Amino acid sequence: MKTSFKEQLNQILNCDLKMTFPTARGMSRKLYFFVGPTNSGKTYSAMQELIKADCGIYLAPLRLLALENYEFLKDNKINSSLITGEEEIFHEDSTHICSTIEMINFELQTDVCVIDEIQMLEDEDRGWAWVNAILGAPASKVIMTGSVNALDAIKQIAEYLGEELEVVKFKRKNPLEVLKEAVPFKEIVKGTALIAFSRKDVLNMKSKLSKYFKISVLYGNLSPEVRKEEAKRFRDGQTDILIATDAIAMGLNLPIKMLLFTTDTKFDGTSSRKLTPNEVIQISGRAGRYGHHEIGYVGATTKSVLKHIDEMFHSPLKTIKPPFKVKATREQIKAFSSHLQTKDLTKILYFFSKNMKFTGPFVATNISNMIELAQIVDNRLALTLEDKYLLAQAPTNTKSPLLKDAYFAFVNAVINKKPFSYRLSINIKSLAKTELDLLKAEDEVKKISLYLWLSYKMPEIFYDIENATKHRVLVNQYCEDSLKLNLKDLVVKRTSFKRDDKKEDNKKSFPKRKSTNLKKEKQTREDKTHSKGRAKQRVMPASKDGTKKHKIQKKEGND
């Protein structure tokens, strides 16, 4: 019997989410949750399970983490490939993959899949990727690593799936203590990390303190390559202190002895607010790295900030609660377009968020950045719905004039269907002299990343991979060299810092401090990174013992 329009629409609108991953449903999977605080060895233990497997995949929240674990597997003589949204390093004899989480192939069966930082399923813009990975990772053993606030969420999803869940608990390997008194800037010692929550504040502090210390900086707008190099300089002792945003909270193992918050507020994209227990505990955990220090110290540069940090540090983590957010798939977008008789992607996404219903603890979501880009591409009538959907998922934002101009140029190239070469937008012949110079260079790296992301989706248009890759190296080097200097816009009148070189670096108690006379810099914006996309691989025949191994095959044509 022919179904009516209303019945067909109801079938689309009511989704048993787990059944959209047929390969995983056809396997006998067991879920594991390696749960514990930072510096507890949970991720290391998960990677050891991956090493022992005949074939497997590691899913990272950041390109930097995917790269680090790719190198870790190679160091352990494991044939591996690296897949991120902007680069693919293939090896014909690979049995393992390290990938950013959005790049997971739901048809590639493996023995073990490690899903790192599982608490990210709560993230407003990217949480859907972790939900999909839990539901659809086609592995016999799915190992999730993360903090205890995600435990209830994982239990609910496992119950929905009807799959066995084993929880393995880890404890921190060495103690972490909150200082009793504030540590003013003039009493900072080597091995300290200072935490701020904006790029501007990080660079301001660098300008003020560089007269007295060699400094590394870390913030979200820096490319993974520059972050890695800055971290290496601090790790190798080439710099004395580290100044960072909360970008430090994920994916970097650093020999930080004492971590000091310079503020207890951050801008969350809407307004400035106080730090939460989850944020304070996650960031604080980077102090006292096991193998480097017997104990870690957490504190603040002012008494008022220390009071809030102490309170949050000793507060329970906020439990992640359902519903968990789900993004519209390409197939759902096509179905809605057909039934609603529209190719307006923005309308389709809003319809999805208001009307889609799921079996289990899930809810439809609209991703703010995707909506913003959808509104841009909807004004380009010559684009197909499929191209709109792809372009709306691009890893970029329109807050930067440089990135906005680049995005419009790339969209026009897709409309014209003509080869589009990469072109450098900035002058890198001399190093950055101002904060604005450096910001433009950071955005240029993001533009290159966007070009490379598109090159794997539409290689016939965005063909200039070699040139873009070459310039990514050059611009990253420009940023790294510039960060070693003081930028003119940030050189302000310095208050009197008096460094006491007689103090021992490994001092474990601190006398009462005088209050600092440095003014706090006004907080600006929060840094975010995104990584999106997919890739294709092929499954190789089963080995004699019945396990499936795979090799990586570079894809051809569009995704």
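## Close-up views of a predicted model

**View A. Strand S11 pairs with strand S14.** S11 and strand S14 (residues 258–261) run in the parallel sense and are joined over four bridges. Two strands pair if DSSP finds at least two bridges between them. Strands (E, at least two residues) and helices (H or I, at least four) are DSSP runs, numbered from the N terminus. Residues are numbered from 1 along each chain as its sequence is written, and side-chain values use heavy atoms, with hydrogens and water left out.

**View B. Strand S11 also pairs with strand S13.** S11 covers residues 192–195 and S13 covers residues 241–244. They pair in the parallel sense over three bridges. Here Leu194 stands opposite Ile243 in S13. Which way do the side chains of S11 point? Thr192 and Leu194 point one way, and Ala193 and Ile195 the other way. All four are buried, meaning under 20% relative accessible area; exposed is over 50% and partly exposed is in between (1.4 Å probe, protein chains only).

**View C. Six strands make an open sheet.** The order is S10-S17-S14-S11-S13-S12, and the pairing is parallel. The edges are strand S10 (176–178) and strand S12 (215–218). Each edge strand pairs on one side only. Neighbouring strands of the sheet are turned by 20° against each other on average, direction ignored. Helix H8 (residues 224–235) packs on the sheet and touches S11, S12 and S13. The direction of H8 makes about 145° with that of S12. Axes are lines fitted to C-alpha atoms, for helices over the stretch in contact, and angles run from 0 to 180 degrees between N-to-C directions. Contact means heavy atoms within 4.5 Å.

**View D. Tyr44 and Phe72 make an aromatic pair.** The whole structure holds 14 aromatic pairs. In this one, the ring centres are 6.4 Å apart and the planes meet at 70°, so the pair is edge-to-face. Rings of Phe, Tyr and Trp (its six-membered ring) pair if their centres lie within 6.5 Å; planes under 30 degrees apart count as stacked, over 60 as edge-to-face and the rest as tilted. Tyr44 lies in helix H3 (residues 42–52) and Phe72 in helix H4 (residues 63–75), so the pair ties together parts 28 residues apart in sequence. Tyr44 is exposed, at 52% relative accessibility. Phe72 is partly exposed, at 22%.

View E. Phe410 lies in helix H15 (residues 401–416). Phe462 lies in the loop between helix H16 (435–457) and helix H17 (465–483). The pair therefore ties together parts that are 52 residues apart in sequence. One aromatic cluster takes in Phe410, Phe420, Tyr422, Tyr451 and Phe462.

**View F. Two charged side chains lie over rings.** Arg423 lies over the face of Phe420, 4.6 Å from the ring centre. The charged end of Lys141 sits over the ring of Tyr32, 5.3 Å from its centre. A charge sits over a ring if NZ of Lys or CZ of Arg is within 6 Å of the ring centre and within 35 degrees of the ring normal.

**View G. Asp387 lies in helix H14.** This helix spans residues 385–392. Asp387 is buried, at 17% relative accessibility. What does Asp387 contact, leaving aside its neighbours within four places in sequence? The partners are Val414 and Met458. The C-alpha atoms of Asp387 and Ile415 are separated by 9.1 Å, and these residues are 28 apart along the chain.

**View H. Cys98 and Cys113 are both buried.** Cys98 has a relative accessible area of 0%. Cys113 has 1%. A search of the whole structure finds zero disulfides, which are pairs of cysteine sulfur atoms within 2.5 Å.

Terms used:
Predicted model: local features only at pLDDT ≥ 70, side-chain atom pairs only at ≥ 80, totals over all residues.
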